[in-house]
Amino acid sequence: VPKKLVTTVSGCADDAVAGLVACNPGLRLLQGHRVVLRSDLPAIRGRVALLSGGGSGHEPAHAGYIGKGMLTGVVAGAVFASPSVGSVLAAIRAVAQAGAAGILLIVKNYTGDRLNFGMALERARAEGADVRMVVVGDDCAFAAPGKAGRRGICGTVLIHKVAGALAEAGASLDEIVEKVTAAAKAMGTLGLSLSPCSIPGSKPSFQLAEDEMELGLGIHGEAGVRRMKVLPADKAVETMLEHMTDPSNASHLSLTPGSSVVLVVNNLGGLSCLELGIVAGAAVRCLGSNGILSCHTLPDAKTTAMAWPNIPAGPATTRREEVPAPTEGPRKLQDEPGIGPGTARVERVLERVCSTLLDMQDKLNELDRGAGDGDCGHTHARAAQAIREWMRSQPPPAAPAQLLSGLADVLLEQMGGSSGVLYGLFLTAAARSLQGRSDSPAWADAMDAGIEAMQRSVPGAVEPQFPLGIPIPSEFPCIPHRYGGAAPGDRTMLDSLWAAAQALHSLRSPGADPLQVLAAAVQSAEAAAEATKHMEAGAGRASYIRSSRLEQPDPGAVAVAAVLGAVLE
């Protein structure tokens, strides 16, 4: 395990943002959430507010780019895990209540970020907020990006800057969306790694020989497109630029002599400042030798964001600077007394589920390392701990619809990652299907409703456009304008759920034994989870990994099968 001053992932994201706020008088924490906001929120009244965020571990992103002329606030997830819907929604409410004239969410193209920010967008719109979302996919690594689209990497910071300059100048939400969408389509970035990464307390996500480097590495340690012998800086930069501009690469960046560019040289976290300067000089020389000019327009606009880099003067403080969290609206699902199993039975079942997930935390992390970050076990453990805390705070509802709705709220608020919002979507739809029903076929209907909600494309994201408003043709690699959208066979948690749902359809047959049907559903889910080891990933972060590297079953599918098994015990 690599040596780190932080030896456990638990709490490190909270400590990092708290430290950042303590040393920066222009920042404030949002009470009860891992959300950082500008300290001068009243100054955004009448202007568009810009929110971004994602998993921690990419510092100084994203909180380092908060300030006048850049972001209004950010929502930080745990290390390499997208933030929860609840925290994103709290950030939206905070800037809306401060008088923002529209809100733009700037999101990197990762499944978890799209899902959590997208669901928060839908909820905020239902409350009357004027919210839009731009999904940035700027990665030039893959010659033929799959269904998941191009990954969002460091080019997102340029979008923060362009959008921030426009917002500070008083541009409307429509104008900002139009211009940053155009800017995002004209961007290309590429990563290069000399060593693997790891989250605190975990093993490296992959191995590189001493004389190897990896081209196209993702920001969570996802595999790149090619391994090669270590090259000196100038040759490495030349190789990167050749790959980024190769016309045979479907995600290439078109550059011709005489073109003007904004150049960003970024550090993935392991490069010294000395080497970074050498790489930057090599990039300028390489571009210049090909007739490419470096220029600046909107990126030169003033900003107080400390990572651009500049920081307002002021003393450090030991106080925890916070603003009150916004109030939440009333719950919609009404009480249904007298329907469903007793509270004691519900508690026993939920406790078995929690114990199961906590016991298999290390196993799920190990399975997940093949797809990049190795945090699936941590994510499900957060869910188990949140459910236990929920049960300690109040008896869980006995009515099925209320129970599933309550669990959905807990997971959307606390779990984070792609799994949190997918479970939340599933449980919310299943709860609606169960309202007023307690018959056995209702559970089959609820399962189908939950799966449909997980698969359904949801409106809200800004669909990319070619110049002059021409829609992007289907053969052009672009970002999916949906939040989820996985299907059975894509090597995800949906495979286990779908298999179980097919077995549960037997509940619709007269005289069916519910326990026998549930046992069959568990067996089907377990078999489907095991079968994912032979599938090629079609959605989620694993879809970026070559199938030959995915030699283990999908951890999400394994977790779902284990949860269903715990319910049956």
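**View A. Helix 4 is mostly covered.** Of its 14 residues, 13 are buried (under 20% relative accessible area, with exposed over 50% and partly exposed in between; 1.4 Å probe, protein chains only). This is a predicted model: local features need pLDDT of at least 70, side-chain atom pairs count only at pLDDT 80 or more, and totals for chains, interfaces and linings use all residues. Residues are numbered from 1 along each chain as its sequence is written, and side-chain values use heavy atoms, leaving out hydrogens and water. Helix 4 covers residues 155-168. Helices are DSSP runs (H or I, at least four residues), numbered from the N terminus. From first C-alpha to last, helix 4 reaches 20 Å, close to the 20 Å expected at 1.5 Å a residue (1.5 Å times one less than its number of residues). Glycine 170 follows helix 4, with a positive phi near 90°.

**View B. Lysine 235 sits in helix 6 (residues 233-245).** Lysine 235 is partly exposed, at 44% relative accessible area. Cysteine 286 lies 51 residues from lysine 235 in sequence, yet their C-alpha atoms are 9.5 Å apart.

**View C. The largest nonpolar core has 91 residues.** Such a core is a set of buried Ala, Val, Leu, Ile, Met, Phe, Trp, Tyr and Cys residues joined through side-chain atoms within 4.5 Å. Ile92, Ile103 and Leu105 touch the most other members. Helix 12 (residues 417-434) gives the largest share, nine residues.

**View D. Leucine 105 has contacts (heavy atoms within 4.5 Å) that include Ile92 and Phe117.** Leucine 105 also touches Arg132, among others, not counting residues up to four places away in sequence.

Technical notes:
Helices (H or I, at least four residues) and strands (E, at least two) are DSSP runs, numbered from the N terminus.
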